[in-house]
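Here is a briefing on one structure, arranged by topic. Please look at the sequence and the 3D view before reading on.

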Amino acid sequence: MRLYLAVFALLAAVHCEELFNGDQVLRINAESEDQIQILKKLERDVDSGVSQPVDIRVPHSSLYAVKDFLKKNNIPFTVIINNVQERLVREREEMVRNAEMESKTKSFNFAAYHDLETIYNFMDTLANHSKLISKVKIGSTYENRSMYVLKFSTGGEKRPAIWIDAGIHAREWISHATAVWLADQIAKDFKENRAPVPSILSKMDIYLMIVANPDGYVFTHRSSNPLYRFWRKSRSATSNPKCHGVDLNRNWDAEFGGPGASDDPCAEDYRGPSAQSEIEVKNIAKFIMSHGNFKSFMTLHSYMQLLMYPYGYIGIDAPDQTELHDVATMSSKALNSWHGTVYKVGSIFHTIDQANGASVDWAYLRGIKYSFAFELRDTGKYGFLLPADQIVSTARETWFALRYIMKYVCDHPY
Amino acid sequence: MLCAHWSRLRRVSSRSCCATALRSTHSSTRLSSSPERIMKTFCSVWLLLSVVELSPAQEPPLPETAEDMASTGDLEPTHYPARRAAQVALHYLNTRHGSPFRVFGLQQVHKASAEDVEAGGRKYKLDFSVTDWASGSAGPALRCSADVLFPRTERHSAPDVKLRCEALQQINRTVQEEEAFYQKHIPPDSAVSARDIPDSYGNMSEEMQPFWRLARVAASFIMLRESSENTEFNMVQMASVTQQESSEEQLMLEFVVLLHDLPSQEIVQWKLLASWSPDRGVRVLQTEWQPRCPHATKPPN
């Protein structure tokens, strides 16, 4: 059917259209060979068997006559499109938009690491060419850069939502690059009606924050000097004028102040002077709390190939330990099915180390049950300097894992 | 008792350069400059005072490292205590069998257990698999077993490793590449010099790969020596390589390597001088920790 209309639209475009105002498309369900013969008289191009319906466009001027004819011959029909012109215009507009977006995103090199400006432009491309995607500003950073999250939504009012963030640690470039690819893939899967994305988006919204620490990310691009490239934290001033930045994943209000973070401003895991002292963390926390309907919180990091769940601050099992472990295990299997990459599964505390003030703990303690932290490729061969030719395969296997979790969350409302 | 405080101290005092500075005192082979000595004295006094503050009167409210409070028994292979011990065994393996064309990485830990030993340390027994990173994803996995002993002494001392890998001799297929590489760079006019390998984007030329692997093997000596139950080191970049004049038919290379410690997330910089030849393998002659903290003195460059 869409193909039929697409042909219409193409013809219209090619022949610099006649107007189709008031025309209708009728779907005719011929019930016998005789009826088909009758139809062939009406429309020479009718190409149908008894079991297949045929759609014909009927000019406005002939509507009454045609309908009368069909009724007299007992041929059942339904009006598919009430005003062809309107529909054609909308279709054509969407095709042009899609073509633009496709050429812009097709020419976007997903197999490369991009700077902040390029990523922000890419986000604009997606948001401007798709009704599904909008760009939401949730605040500004310490150095006054905008913080954006991409919202994927088919409508509704504050639907239950899934949160995914990347780049909270600036040097973990594979996380930003993966998130860029994910944004494009979610849009593609929706447009091409690939399960489970359309069904997830019919009930839930997805929020994807590609760069959670823009100041840090820009800093890592300033020079190839290791002092810049291996920057992890934010870029705020601290009580020590010689040391900048707070570890944004130790600054959350989740058992802040424990031993799983440092109180030294010069340390890589400096927690900050107080919980949520960092504007970047405050912005995200405020957004999620005021939304109030998030059901899953996932954060992308690198490296070590781990899929982890709460707690980070303590070694006891979270109340949902069994379920979270099962979900994470199945998710890691899905990931493994793409390229054979092996991820280990466990709580943050036991798998990496004790961590206080971590975002995943914060989300879980706020009632967002399905909270997970990913450490992406690799296991140490290249570490933070993962070659760009691994971006797409890393992103795709991560997508397999995320898709599993999102479908699970969607199927297990709470 | 002191070891528990030491590990708590590392966290509370936050991996400051003071802690790392102290550990480098016994490994540096160069004369300390005056500001360095002052720094070290200051750090010692400061640490001493902190230790006094944390004397046994107080009990920590929660076991913050519940994992290594367990004294005996089986360890979960996917948890960090087993993995950290396996990494130490890996560093040892690479110091013995690494080359410009062979570097081993941990594939997975199959079984692990740990027990306290009488001399006051903890011994890990490990069963794990490794792969050769040089052979890419095509390489076979090697099965290894190791005993890793972390001593519990007041001043840090290197862990002790006993290691057995099956079929190690059978993968000796890199002899030709090693010879070719050696012959290419042993002549006196060879003066290789490079920075930032790989670069920010993970790029590394074919030509640089053997040097990068050599850096990693040489760095393994340092990583092995500096490891404890509270560290997990990995080399994240060869910041520079500068070929020195060959000596006794050995390739002489000065490296600056960047090591990443997973628990503290710190990037630690070491300069080292290493020799290599196909016959003698890798030897590390000098190491020097390079302070990256802003309030420490700049290293001579």
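Domain bounds here come from an automatic or database domain assignment. On that basis chain A is divided into domain 1 (24-82) and domain 2 (91-225 + 248-412), and 52 Å separate the centres of these two domains of chain A, taken over C-alpha atoms. The model is predicted: local features need pLDDT of at least 70, side-chain atom pairs count only at pLDDT 80 or more, and totals for chains, interfaces and linings use all residues. Residues are numbered from 1 along each chain as its sequence is written, chains are lettered from A and ligands numbered from 1 in the order in which they are written, and side-chain values use heavy atoms, with hydrogens and water left out.

**The two chains**

- Chain A has 14 helices and 11 strands, where helices (H or I, at least four residues) and strands (E, at least two) are DSSP runs numbered from the N terminus.
- Chain B has 6 helices and 10 strands.
- Buried residues make up 58% of the 414 residues in chain A and 54% of the 301 residues in chain B; buried means under 20% relative accessible area, exposed over 50%, and partly exposed in between (1.4 Å probe, protein chains only).
- Contact means heavy atoms within 4.5 Å. Among contacts in chain A between residues at least 6 apart in sequence, 75% join residues at least 24 apart.
- In chain B, residues 24 or more positions apart account for 59% of the contacts with a separation of 6 or more.

**Nonpolar cores**

- A nonpolar core is a set of buried Ala, Val, Leu, Ile, Met, Phe, Trp, Tyr and Cys residues joined through side-chain atoms within 4.5 Å.
- The largest nonpolar core has 67 residues, and A:F152, A:I164, A:I210, A:M298, A:F372 and A:F374 touch the most other members.
- Apart from this core lies another, of 37 residues, among them B:M204, B:A219, B:F233 and B:M235.
- Leaving aside neighbours within four places in sequence, A:I164 is in contact with residues including A:I206, A:M298, A:L300 and A:M406.

**A helix pair in chain A**

- Two packed helices are described by the angle between their axes and the distance between the axes.
- Helix α11 (residues 321-339) and helix α14 (residues 391-411) of chain A pack at an angle of about 145°, with their axes 8 Å apart. Axes are lines fitted to C-alpha atoms, for helices over the stretch in contact, and angles run from 0 to 180 degrees between N-to-C directions.
- Among the residues that meet are A:V327, A:M330 and A:W338 in α11(A), and A:F400, A:Y404 and A:Y408 in α14(A).

**Backbone details**

- Most residues other than glycine have a negative phi, and most peptide bonds are trans.
- A cis peptide bond joins A:A195 and A:P196, with omega about 0°; A:P196 lies in the loop between α6 (173-191) and α7 (197-203) of chain A.
- Another cis peptide bond joins B:I197 and B:P198, with omega about -5°.
- A:N144 has a positive phi, near 70°, and sits in the loop between β4 (133-140) and β5 (146-152) of chain A. A:N144 counts as exposed because its relative accessibility is 62%.
- A:K158 also has a positive phi, near 45°, and is partly exposed, with a relative accessible area of 45%.
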